[in-house]
Amino acid sequence: MYIGREMYAAQTDLVLQRDLFKKSVKRIEVETHSYCNRRCDYCPNVIGDRLGPNVHIQQTIYDRLLSGLAEVDFEHAFVLNSYNEPLYDRAILDRIAEARRALPKARLMIYTNGDYLTPEYVNDLADAGLNYLHVSIHTQRGDVYDDRYVLNRISEIAHRTRLQVKYSSVNPGSIIVAKFATPRLEMETRAINFTKHGNDRGGLLPDLSPEKVRTDPCTFVFSHLHMGFNGNVVPCCHIRSDRPEHAKNVIGNLGRSASIFDIFFSEKAAAWRRGLVHNGPKSGPCATCTAGSGMNDPKWRDKMQSVYQRYVAPQQVASALA
């Protein structure tokens with residue numbers, strides 16, 4: 001990840017854009033379609049607005065994303081879902097295969113609720129080029145987290161997919177993690193008690209909002225890029241690309257932009273980075289965000305504040321005096 005001077009102002013030089021993107025962005029998330037079959041209480045989909053007609057991402061938009069990433073030889077995490085259920089539509093296999101051809105070094109990933117998994121589907125995903133399959137264990141709507149339910153659900157998925165499962169971490173009442181024995185791709189399952197560890201998703205789930213305003217800086221706007229099925233690019237995965245409450249947070253649309261780089265280095269994107277690099281109170285959808293983004297570096301907060309003092313604060317003072 002790169003947090004140098006150039007990240008806090010719009011950049012239009014094509015060579016510089018690509019150089020900075022390659023140094024900074026380590027995770028891409030893209031929705032290939034809109035539909036999700038669940039309404040989890042701890043997800044913005046609880047209102048049921050993803051249960052309607054399934055809208056696919058336009059092929060031209062997806063191709064534009066892949067061609068741009070291919071230009072910088074993208075070799076990091078490429079996640080093919082967000083607030084949708086990726087395995088609902090088997091067109092996901094074509095999207096994976098296209099990504100594998102365009103980005104041979106990338107780590108192709110999917111997060112699924114597991115409802116559509118079969119032994120054949122697991123093999124088809126591996127054939128298409130998927131590297132990692134994460135099966136999230138969700139409670140039924142209205143239910144509370146329960147370890148017995150989680151263990152039974154994991155056993156059911158293992159039985160249905162004919163895969164052996166080995167538990168790697170069991171923290172009762174909090175988190176359970178296990179791995180499936182799959183020779184051709186990495187397959188992991190994880191259950192999280194979202195009452196304890198949930199995020200309010202940019203304020204869309206106020207019951208999960210903390211009492212205090214966030215002061216931690218955030219690295220997501222430097223290292224992540226998130227695009228919804230509609231081509232809208234938003235600052236991070238906790239902001240939904242298609243909810244009216246978050247419409248003003250959209251930083252661009254790849255259907256109306258020449259490249260993903262023009263969006264990532266636009267003035268709107270730079271403003272987000274200026275607003276999240278410091279240790280002061282955050283505003284908007286970030287005010288109540290609890291997502292950690294310190295990248296396991298105990299000194300990350302001090303580093304981000306130092307960058308703010310060097311590159312951002314002087315510009316703000318100059319602008320106020322102008």
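What follows is a short chat about the fold and core of this predicted model.

Colleague: How many helices and strands does the protein chain have?
Modeller: Residues are numbered from 1 along each chain as its sequence is written, and side-chain values use heavy atoms, without hydrogens and water. As the model is a predicted one, local features need pLDDT of at least 70 and side-chain atom pairs pLDDT 80 or more, while totals for chains, interfaces and linings use all residues. Helices (H or I, at least four residues) and strands (E, at least two) are DSSP runs numbered from the N terminus. Going by that, the chain has 10 helices and 10 strands.

Colleague: What share of the 322 residues is buried?
Modeller: Buried means under 20% relative accessible area, with a 1.4 Å probe and protein chains only. For the protein chain, the buried share comes to 55%.

Colleague: Which residues touch the most other members of the largest nonpolar core?
Modeller: A nonpolar core is a set of buried Ala, Val, Leu, Ile, Met, Phe, Trp, Tyr and Cys residues joined through side-chain atoms within 4.5 Å. The largest one here has 80 residues. Its top members by that count are Phe21, Phe78 and Leu125.

Colleague: Which helix gives the most to this core?
Modeller: The top contributor spans residues 300-321 and gives seven residues. That's helix H10.

Colleague: And which residues does a second, separate core include?
Modeller: This other core has five residues. Among them are Cys40, Cys43, Tyr83 and Phe194.

Methods
Buried < 20%, exposed > 50% of the residue type's maximum accessible area, 1.4 Å probe, protein only.
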